[in-house]
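Work through the exercises below with the sequence and the structure at hand. Each task is followed by its solution.

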Amino acid sequence: MLVFRQLFDPQSSTYTYLLGDRPSGQAVLIDPVFEQVRRDAALLAELGLKLVATLETHIHADHVTGAWLLKHRTSSRIMLAASSGAAGADRQLVPDDVVAFGGRRLMVRGTPGHTNGCVTYVLDDRSMAFTGDCLMIRGAGRTDFQGGDAAAMYRSIHEQIFTLPDDCLLYPAHDYRGLTVTSVAEERRFNPRIGGEIGVGDFTGYMKNLGLAHPKLMDIAVPANLRCGRPEGEASEDRGMPADPGWAPLRYSFAGVWEIDPHGLEENAGAVQVLDVREPEEFTGPLGHIREAVLIPLGELAERAGELARDRPVVAVCRAGGRSAQATVILQQAGFKDVANLTGGMLRWRAEGHPVDGGSA
Ligand SMILES: N[C@@H](CCC(=O)N[C@@H](CS)C(=O)NCC(=O)O)C(=O)O
Ligand SMILES: [Fe+2]
């Protein structure tokens with residue numbers, strides 16, 4: 001079984017694709033974005049997948065790749081086209097290369113035109129292909145910088161993409177209108193830049209007149225991507241990715257919440273404030289509460305957050321870990337930096353045998 005997820009970076013309108021092989025648990029990411037590495041790593045962990053490789057469709061001009069950062073977090077191998085000219089890859093791909101993840105494979109097709117190092121990845125059964133900024137949904141990548149070549153793109157699309165099966169789904173690296181997927185047959189017919197009877201001369205004429213401004217991040221992104229996303233100063237803080245919190249062992253969830261487990265909280269109990277956001281009758285009810293917990297029901301938290309100390313991390317607690325997750329959001333909005341949610345709430349805290357005040361056995 002194939003695990004497939006399409007992920008979006010709203011800043012650059014980039015799609016990142018997660019493909020996983022369920023039986024082996026091995027996965028790849030196509031075109032990860034630096035600022036989204038924490039999110040992507042959280043999803044891989046929650047799905048029980050091990051990242052074996054990151055693949056680039058090309059050297060991006062509008063965002064920095066997450067390849068280097070993911071390699072440091074997960075030991076994944078960095079793969080991209082030899083023709084991209086990038087330094088620091090673990091494997092340089094050439095056309096017809098095969099990238100394996102567990103029992104599944106991606107085939108590499110050279111599709112230059114947007115840049116001269118662009119490739120398309122085709123899934124083993126030809127049910128889907130990842131076209132980067134070559135063929136886009138009712139569009140095509142621009143050809144006016146980074147060695148772009150409209151005639152080369154015309155050939156790439158006709159010879160490498162339109163030759164795939166009609167119902168092969170095509171997933172681009174970007175879409176600026178929120179469209180997510182297309183197919184070979186519909187692009188062959190309806191693509192306004194290259195579909196129908198449009199010839200190479202028509203296409204190059206169209207592409208010369210797109211009139212697009214250069215990507216805002218181009219001067220930062222291209223040099224960084226030629227290093228596979230390794231920050232110049234090495235430290236990840238240099239590029240907008242704050243370090244993970246160090247005050248306790250925390251886990252970031254795909255839902256966007258920092259989580260602490262009962263064991264981690266007990267180990268760090270002296271250093272944190274425990275905030276219980278249940279209703280008063282629950283606090284004194286059968287589940288009991290954690291020693292020295294401060295009670296502020298969730299509905300009152302926005303107004304009463306000032307009752308909490310700002311110089312100590314806050315761990316929010318409720319019955320099952322749901323309301324307290326929302327409490328971490330409210331606290332962050334109120335300016336608290338070090339906040340975490342007790343995973344599983346009082347139910348898990350008790351089930352794992354940690355001490356409670358009050359409550360019934
Ligand atoms: N406005 C965007 C740039 C968008 C852009 O130039 N995208 C490239 C892909 S790197 C493209 O090929 N666009 C084709 C199109 O918009 O038709 C930014 O500042 O990042
Ligand atoms: Fe691009």
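**Exercise 1.** State how far apart the mean positions of the positive and negative charges of the protein are.

*Solution.* Lys and Arg count as positive and Asp and Glu as negative, with His and the chain ends not counted. Each charge is placed at NZ of Lys, CZ of Arg, CG of Asp or CD of Glu. The protein has 36 positive and 46 negative charges, and their mean positions are 3 Å apart.

This is a predicted model, in which local features need pLDDT of at least 70, side-chain atom pairs count only at pLDDT 80 or more, and totals for chains, interfaces and linings use all residues. Residues are numbered from 1 along each chain as its sequence is written, chains are lettered from A and ligands numbered from 1 in the order in which they are written, and side-chain values use heavy atoms, without hydrogens and water.

**Exercise 2.** Find which residues coordinate the iron ion (ligand 2).

*Solution.* Donors are N, O and S atoms within 2.8 Å of the metal (3.2 Å for Na, K and Ca); water is not among the atoms, so sites may look incomplete. His-58 (NE2), His-114 (NE2) and Asp-133 (OD) coordinate the ion at 2.0 to 2.3 Å. Their spacing in sequence is H-x55-H-x18-D. His-58 lies in the loop between strand E4 (50-55) and helix H2 (67-74), and His-114, 56 residues apart from it, in the loop between strand E8 (104-110) and strand E9 (119-123). Helices (H or I, at least four residues) and strands (E, at least two) are DSSP runs, numbered from the N terminus.

**Exercise 3.** Decide whether His-58 is buried or exposed.

*Solution.* Buried means under 20% relative accessible area, exposed over 50%, and partly exposed in between (1.4 Å probe, protein chains only). His-58 counts as buried because its relative accessibility is 2%. His-114, at 5%, counts as buried too.
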